[in-house]
Amino acid sequence: MKIGIVCYPTFGGSGVLATELGKGLADKGHQVHFITYSQPARLDFFSENLFYHEVSVADYPLFDYAPYESALASKLVDVVRFEKLDILHVHYAIPHASAAFMAKQILATYGIHIPVVTTLHGTDITLVGKDLTYKPVVTFSINQSDGVTAVSHDLKEDTYKHFDIKNEIRVIPNFVDMNRFKLKAKDHFKKAIAPNNERIVVHTSNFRKVKRTKDVIAIFEKILKKVPAKLLMVGDGPERSICEQLCRDLHVCDHVRFLGKQDAVEEILSIADLFIMPSESESFGLAALEAMACKVPVITSNAGGLPELNVDGVTGYLDVVGDVNAMAHHAIAILEDDDRLASFKENAYNRAKEFDLKLILPIYEAYYQEVIDQQSEKLI
Ligand code: GMT
């Protein structure tokens with residue numbers, strides 16, 4: 001198949017998932033064309049089946065806001081026509097689904113009927129999409145997509161609850177490449193971070209409010225009172241300096257390292273004993289899955305799709321959003337006992353295997369074929 005993938009090229013979960021999906025499809029022999037405004041963060045190598053088409057937005061003094069959606073739609077028309085794509089798969093509804101709809105209409109005038117699959121990732125529905133600024137466009141473009149998927153059952157239900165959606169939403173969960181995310185020998189790194197064999201706690205995110213990164217610091221301060229530990233904060237974003245200040249206020253700076261954005265997250269996860277994700281809302285929690293694949297148990301909130309991933313009392317614990325006492329209590333329970341920690345690690349790993357790329361990729365391939373077949377039937 002010749003597949004066009006539209007995504008955000010950043011470190012965000014939807015971009016990561018889209019890039020990993022494209023890489024996996026290319027490995028299986030499909031030709032994959034990424035169409036976005038900059039080289040996707042994890043697309044950092046050459047493959048004969050992978051192509052990247054940059055969307056550039058022509059600036060003009062009249063524009064306070066350059067029209068990215070129009071530039072993207074034009075680029076989609078160009079790539080679909082000249083690369084003869086079979087299907088377009090857009091990740092994150094805003095503005096990708098509406099740009100794809102526009103491109104589809106234009107292509108129809110050339111006699112080209114390209115099916116469009118939209119994957120909903122989370123904040124495009126639960127946060128930004130619900131806002132009246134975007135809601136009519138999001139509703140319309142989901143209804144106009146030939147296929148719609150959501151990364152969890154919770155996100156699917158939320159979409160039906162908040163939008164007037166007429167078509168079927170298929171749940172295809174996020175996945176992890178277990179060949180990349182696996183425990184690696186990083187003893188030197190571990191010794192540098194935790195010279196006295198302290199437990200290592202990790203958080204990775206884009207440090208937006210929805211991630212409740214301050215809770216991570218508050219939980220860690222409580223952990224420190226019971227268990228010698230170090231905290232690695234990976235990523236960057238608006239809440240980072242607030243978290244740094246909180247570390248100073250709570251006198252835990254000596255035990256916390258802010259590492260900023262990192263490419264090789266799996267190397268950091270390889271030395272971790274616990275991952276914390278206290279998010280206000282989380283449609284799936286891809287970062288938690290990547291941790292679990294590296295044998296790291298997870299303390300998460302019970303928001304959104306997290307209960308579909310994290311099994312309470314088995315792969316970690318699920319606590320009510322904002323309940324830092326319960327999260328600290330559960331973190332300590334896991335970290336203070338070697339045998340318990342070992343069994344949580346094994347459970348986390350076994351659960352992650354259920355979301356292996358190898359299992360989820362064929363579901364996407366079958367779904368593409370189903371959508372292509374439906375489109376062909378409509379045209380007969
Ligand atoms: O978590 C973010 O803020 C980034 C966001 C994105 O769209 O890039 O992540 C969302 O998509 C991920 C991949 O499907 C999910 O694993 C995350 O749970 C989801 N984030 C939220 O719902 C807050």
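**Close-up views of a predicted model**

View 1. Counting a side-chain nitrogen of Lys or Arg within 4 Å of a carboxyl oxygen of Asp or Glu as a salt bridge, the predicted model holds 25 salt bridges. One of them joins Lys 209 to Glu 239, and the closest N and O atoms of this pair are 3.3 Å apart. Lys 209 belongs to the loop between strand 8 (199-204) and helix 8 (213-224), whereas Glu 239 belongs to the loop between strand 9 (229-234) and helix 9 (240-249), so the pair ties together parts that are 30 residues apart in sequence.

**View 2. The residues around the ligand.** The ligand has 17 residues around it, of which Ser 14, His 121, Asn 206, Lys 211 and Glu 282 come nearest. Sorted by class, this shell comprises eleven polar, four nonpolar and two charged residues. Both domain 1 (2-175 + 357-379) and domain 2 (187-355) contribute to the shell, each with at least three residues.

View 3. A polar side-chain atom of Lys 211 is placed 2.6 Å from an oxygen atom of the ligand. Of the 490 Å² of accessible area that the ligand has on its own, the protein covers 93%.

View 4. Ile 94 and Pro 95 are joined by a cis peptide bond, for which omega is about -10°, and Pro 95 itself is found in helix 3 (residues 93-108).

**View 5. A nonpolar patch on the surface.** Tyr 60, Leu 62 and Phe 63 make up this patch, and together they have about 340 Å² of accessible area. Tyr 60, one of the three residues of the patch, is located in the loop between strand 3 (50-54) and helix 2 (68-83).

Note on methods: Residues are numbered from 1 along each chain as its sequence is written. This is a predicted model: local features need pLDDT of at least 70, side-chain atom pairs count only at pLDDT 80 or more; totals for chains, interfaces and linings use all residues. Side-chain values use heavy atoms; hydrogens and water are left out. Patches are made of residues with over 30% relative accessible area and no salt bridge: like charges are joined within 9 Å, nonpolar side chains (Val, Leu, Ile, Met, Phe, Trp, Tyr) within 5 Å. Accessible areas come from the Shrake-Rupley method with a 1.4 Å probe; for residues, only the protein chains shown count as cover. Helices (H or I, at least four residues) and strands (E, at least two) are DSSP runs, numbered from the N terminus. A residue is near a molecule or strand if one of its heavy atoms lies within 4 Å of it. A polar contact is a pair of N or O atoms within 3.5 Å; within protein, one must be able to donate a hydrogen and the other to accept it, and residues adjacent in sequence count only if both atoms are side-chain atoms. Ala, Val, Leu, Ile, Met, Phe, Trp, Tyr, Cys and Pro count as nonpolar, Asp, Glu, Lys and Arg as charged, and the others, Gly among them, as polar. Domain bounds come from an automatic or database domain assignment.
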